[in-house]
Amino acid sequence: MNGTKRQINAWTFVAPSLILTLIFGVYPVFWALKYMFYDYQGFGTPLFIGLDNFERLFRDKDFWHSVVNTFIYAGGKLIITIPLSFILAVVLNRALKGRQLLRAIYFMPTVISASVMAIVFYVIFNSYNGMVNQLLLGAGIISSPIDWLGAKYALLTAIIIAIWGAIGNYMLLFIAGLQNIPEDLYEAASIDGAGPLRKMWSITVPMLGPVLQMIIMLAITVSLKGYESIMVLTEGGPYGKTEVMYLYLYKLFFPVSSGGSSIQQFGYGSAVGFTTAVIVGLITLIYFYVSKKLNDIY
Amino acid sequence: MKRNQWMLAGASLLLAGSLAGCASSNNTNAEAEEGNAAAGQTKLVYWSIDRHDSDFIEQKISEYEGLNPDVDIEFKVMADNYAQSVDIAFSSKQAPDILRVDTGNVPTWVKKGYLESFDEYITPEMKSRFESILINEKNTVDGKIYTLPNIGQFWRLIYNVDLFEKAGITEPPTTLAEMVEDAKKITEVGKAEGAYGLAGNFKSGSGFERIAHPITTLSKTEGQEGFNFQTGQFDFGMYKETLEALRQIVEDGSMMPGSESLDIDPLRAQFAQGKIGMYFNHSVEPSVYKTQFPTEIRWAAALPPTIDGQQNGVSQVISGSYLAMSKDSANKEAAWKFIEWMYSDDVQTAYQEGGYGVSVIPSVAAAAKAPDIAGIEYFLPTKFDGIYPATPFGATEGRLEGTKKMDVFNRYIFTGGDLDKEIQDLNTRYNAALEKAVAAGDTTVEAQPDFSAADLQGSLVIE
């Protein structure tokens with residue numbers, strides 16, 4: 001095959017996804033980059049206002065509160081999800097009877113839509129007849145119902161749901177990584193007298209390095225961007241206690257709650273969108289810098 | 001090998017083409033359906049947001065098509081993300097000819113260029129039937145009519161008669177103090193079975209409003225939605241007494257646990273099970289308890305309590321908009337004829353008698369019988385119900401900086417705080433946003449120094 005033909009073939013394959021990415025991925029970014037300097041509500045003539053939207057953003061306590069909530073939500077989710085899914089992966093990577101079934105069960109939440117998940121969890125966690133309270137009351141652990149979706153516990157409940165939804169997914173990625181570790185390394189370590197913990201620490205973890213780095217990066221970005229289940233569960237309430245960055249952003253473009261204004265704020269929303277993207281991008285970059293060693297070990 | 005590569009490439013292109021084609025598939029369907037309509041027929045597309053009356057509307061459409069064989073109407077209920085669906089339809093030139101419009105969207109949709117004014121089409125006779133209930137920025141924008149009202153939401157305190165009797169209460173509360181006291185008594189006798197005095201769907205912003213708006217509008221004369229018509233400024237002080245009463249109910253432990261995260265439907269389900277003593281909602285509730293949550297409990301409804309027992313204003317009736325016509329319609333004459341027929345006394349009387357809503361059109365209210373639904377009698381228009389003018393609340397919140405009033409108030413109700421300070425801060429921020437909204441031309445609502453809600457008393461009943 002000559003060079004030109006090879007080029008044509010390559011571009012033919014790349015073109016469909018490239019066109020779709022340009023239309024649905026790149027164009028909206030440029031659109032937002034323009035309108036973040038405008039006062040624009042989706043109708044009339046957009047009014048150029050320079051950096052006013054960013055000035056407003058720095059004054060906007062609700063936005064920064066949502067950033068803090070996002071860090072708590074993402075941090076809480078990651079701290080539990082990553083170790084737990086790793087342990088599950090190690091256990092289910094062994095010659096265990098019924099492991100395929102167990103893998104499927106743990107993976108199940110990944111294929112369920114976040115909104116459906118949130119509706120089911122609303123039934124489980126609501127304070128007046130939710131199953132969690134009934135179980136805890138029945139077991140004598142609590143004496144009166146806990147308001148799991150109230151101001152005190154709503155974010156914790158959202159984190160629990162996120163963990164439940166994510167564990168199976170990361171478990172599967174870890175299993176894929178574990179299966180790439182050559183068995184003879186473990187055999188050699190056994191001959192040298194290494195125990196299971198030693199093998200885990202000296203072989204499994206270092207050999208998983210690059211995979212681990214990617215999984216954690218994926219988990220960080222997904223957690224920072226997560227909002228769907230919270231939107232269904234609490235709409236960011238009560239009074240902003242579960243408001244996360246992307247839900248705050250979503251509401252500016254698509255106001256969701258009755259009782260509030262239904263006017264879209266495309267200009268300010270674009271500025272918030274840009275800032276949230278920068279925040280997520282910066283955290284990812286910092287993570288990559290800090291986790292460089294994970295790549296080196298291999 | 002080469003052939004395989006080209007076949008794969010061809011398949012990829014086909015796939016991409018079909019994906020890209022998704023966007024225009026509706027158009028193709030519409031064209032195909034148009035083709036299916038009998039020759040010479042005018043095709044009209046009608047979108048609604050209401051699911052509860054879709055059977056009635058379909059029946060009326062069939063009736064209209066029978067009377068007008070040259071018209072074919074395609075009716076679609078677009079219940080989810082309606083505003084977004086309408087935006088997309090207009091930007092992709094697939095807008096319906098006739099569309100249901102919510103009050104809050106009228107000025108915005110006019111500015112977006114979606115709606116055709118009725119002025120060229122409406123007859124003087126028809127106009128006179130609606131003249132007394134036309135409201136600026138709900139029906140009219142810049143003096144032109146874009147939609148007409150049909151039914152209204154009549155707001156009441158809804159209560160469980162069994163729980164009231166158990167608590168030794170003989171009458172529904174008429175003052176805020178009585179409401180607080182009754183909630184306490186009901187909780188004392190009901191808590192062991194999981195029943196509480198009062199509940200609100202505070203998950204949504206409307207949770208606070210469902211309680212506060214009826215109480216405040218019936219108690220006071222200056223305005224609603226925090227907007228004082230007399231001064232043309234926001235003054236959330238109008239909610240102070242109601243907020244303090246709700247805070248007291250929470251402190252007493254008489255608010256149903258979980259109200260902070262409650263939606264309206266779970267609230268209704270709990271009420272139907274006898275777990276809630278009182279809550280506030282509007283005239284759709286009888287049909288809800290007839291079809292959605294059939295209940296064994298004895299319930300009734302009454303006019304909302306007021307601050308001191310005096311009914312100085314009118315309980316707000318949410319009403320104002322119903323059908324609108326698309327500016328892009330190629331068949332405006334035919335669309336108008338259908339709209340005119342839908343607004344006729346005959347159709348609107350049948351609508352009320354069918355139990356789909358309580359009409360605010362005076363000629364219909366006078367002629368229509370009460371629907372055959374248990375409990376609707378509590379929601380029929382009284383002297384103390386009235387439609388307020390439009391406020392600039394929506395346009396103002398679109399320009400608001402900082403926390404919205406619903407979050408501020410919900411936080412106060414459930415956790416307390418310095419209410420005067422919160423109200424002052426809200427007034428400052430909302431009035432600053434109002435100034436911006438006026439400057440940007442988002443609203444034309446102005447102060448009405450002579451406004452008094454007392455003047456609205458009796459406006460919806462023909463005596």
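Which residue is the bridge partner of S315(B) in β18(B)? In this predicted model, the partner is D385(B). The residue pair belongs to a parallel pairing between strand β15 (residues 315-318) of chain B and β18(B). Two bridges join these strands.

The pairing is part of an open sheet of four strands in chain B. The strand order is β17-β7-β15-β18, and the pairing is mixed. The edges of the sheet are taken by β17 (358-359) and β18 (385-386) of chain B. Each of these edge strands has a single partner strand, so one side of each is left without a neighbour in the sheet. In general, strands of a sheet pair through backbone hydrogen bonds, and the pairing is either parallel or antiparallel.

At the level of the whole chain, chain B contains 18 helices and 18 strands. Its radius of gyration is 25 Å. A compact globule of 463 residues would have a value near 23 Å, so the chain B value agrees with that expectation. Along the principal axes, the C-alpha atoms of chain B fill a box of roughly 80 × 70 × 50 Å. Buried residues make up 45% of the 463 residues of chain B. Contacts were also examined by sequence separation. Among contacts in chain B with a separation of 6 or more, 78% link residues 24 or more positions apart.

The domain assignment divides chain B into domain 1 (29-148 + 321-359) and domain 2 (154-317 + 388-456). The centres of the two domains, taken over C-alpha atoms, are separated by 32 Å. The contact between them takes nine residues from domain 1 of chain B and eight residues from domain 2 of chain B. On the domain 1 side, the residues that touch domain 2 of chain B comprise two nonpolar, five polar and two charged.

Chain B also makes a contact with chain A. This contact takes 38 residues from chain A and 43 residues from chain B. On the chain A side, α1 (3-35), α2 (52-59) and α3 (61-92) each supply at least two of the residues that touch chain B. The largest share of that side, six residues, comes from α1(A). By residue class, the chain A side divides into 14 nonpolar, 17 polar and seven charged residues.

Terms used
Residues numbered from 1 in each chain as written. Chains lettered and ligands numbered in written order. Predicted model: local features only at pLDDT ≥ 70, side-chain atom pairs only at ≥ 80, totals over all residues. Rg over C-alpha atoms; globule rule 2.2 N^0.38 Å. Buried ≥ 20, exposed ≤ 12 C-beta atoms within 10 Å, placed from the backbone. Contact = placed C-beta atoms within 7 Å. Pairing = 2+ DSSP bridges. Nonpolar A, V, L, I, M, F, W, Y, C, P; charged D, E, K, R; others polar. Domains from an automatic or database assignment.
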